[in-house]
Amino acid sequence: MRVLLIGANGYIGRFVADRLLADPAVQLTALGRGDDADVRFDLATGSPGALTRFLDAVHPGVVVNCAGATRGGARELTRHNTVAVATVCEALRRSGCGARLVQIGCGSEYGPSQPGSSTAEDAVPRPGGPYGVSKLAATELVLGSGLDAVVLRVFSPAGPGTPAGSPLGRLAEAMRRAMQSGDGELKLGGLGVQRDFVDVRDVARAVHAASLSAAQGVINIGSGRGVRLRDAAAVLARVAGYGGALHELDAPPGPLRSAIGHPRADSDHVSPVAYPYPDGCGSWQQADVRTARDRLGWRPRINLEESLADIWMEAACRI
């Protein structure tokens with residue numbers, strides 16, 4: 001099976017590439033902006049015609065699009081997340097390759113959810129920010145393209161390679177600095193936010209499964225369990241061996257000693273504050289992942305503690 005992977009150098013794309021390369025039946029070609037891509041091409045500025053000519057030459061059976069931007073203003077997000085996908089869809093329509101498209105979407109497309117609820121694919125999307133809007137627009141382009149296509153709405157990916165600007169990345173970095181300087185307490189904000197974390201390696205497995213399936217439409221990829229950032233911080237402290245106290249800036253005064261440990265009386269230093277990534281999803285998000293189970297035969301395998309251990313290992317190695 002010939003697979004064209006777009007965005008192989010990104011956070012999710014790197015693990016998707018590893019997963020696909022491990023399948024001896026897959027012949028993988030990587031397309032991207034980096035020097036190490038098999039073919040250099042910028043979806044945000046390249047023309048559909050140029051991409052069509054490449055598709056006709058390579059003739060892939062599957063195109064996986066992991067490219068996109070998570071930060072920037074509305075114009076930049078639209079260019080990299082929406083215009084780029086329009087280019088892919090138009091090129092596939094013009095091409096004679098007949099490839100299946102696997103598009104990486106995002107849980108931010110749904111926007112805020114009711115606390116305690118699980119968001120299924122039939123929920124009405126109401127993105128709360130420009131990132132979610134740009135990703136939702138891309139999904140609508142894919143669904144309306146008439147192509148053999150599936151959109152995987154990935155919720156909050158975690159694990160090795162987690163970006164330093166993400167909620168868990170910021171938690172790990174703040175904890176590393178506190179341990180490095182011997183601080184007995186760590187002051188953090190936004191820990192009441194609840195997110196559905198799914199390991200990036202499980203996401204790669206889902207992409208592989210979607211590439212081989214005939215499933216179309218939107219499929220949620222998550223753990224199916226919402227976790228508060230304060231609970232994730234407690235797990236991170238345990239795997240890191242941090243014995244200090246966590247002070248939550250947006251909570252009532254007083255350290256959360258039961259989860260993080262006891263403060264040392266000799267330190268009054270204020271540690272760096274970690275705020276959640278502004279994904280526009282409000283205080284709660286939890287995926288309903290039954291469709292992934294039923295249509296892809298996929299379930300998450302890696303628990304959050306393992307994901308956090310990998311995040312911590314990378315953070316602890318930073319100088």
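Let's start with the sheet. Three strands make up an open sheet, ordered E7-E9-E11, with mixed pairing. Strand E7 (156-158) and strand E11 (226-228) are at the edges with a single partner strand each, so one side of each has no neighbour in the sheet. From one strand to the next, the twist averages 55°.

A word on terms. Strands (E, at least two residues) and helices (H or I, at least four) are DSSP runs, numbered from the N terminus. Two strands pair if DSSP finds at least two bridges between them. Angles run from 0 to 180 degrees between N-to-C directions, with axes fitted to C-alpha atoms, for helices over the stretch in contact.

And the source. This is a predicted model: local features need pLDDT of at least 70, side-chain atom pairs count only at pLDDT 80 or more, and totals for chains, interfaces and linings use all residues. Residues are numbered from 1 along each chain as its sequence is written, and side-chain values use heavy atoms, leaving out hydrogens and water.

Back to the strands. E9 (residues 194-199) pairs with E11 in the antiparallel sense, over three bridges. Glutamine 194 has arginine 228 in E11 as its bridge partner. Helix H7 (residues 229-240) lies across E9 and E11, at about 75° to E11.

Next, a backbone point. Histidine 59 sits in the loop between helix H2 (48-58) and strand E4 (62-65). Its phi is near 55°, a positive value in a residue other than glycine.

Definitions and conventions: Contact means heavy atoms within 4.5 Å.
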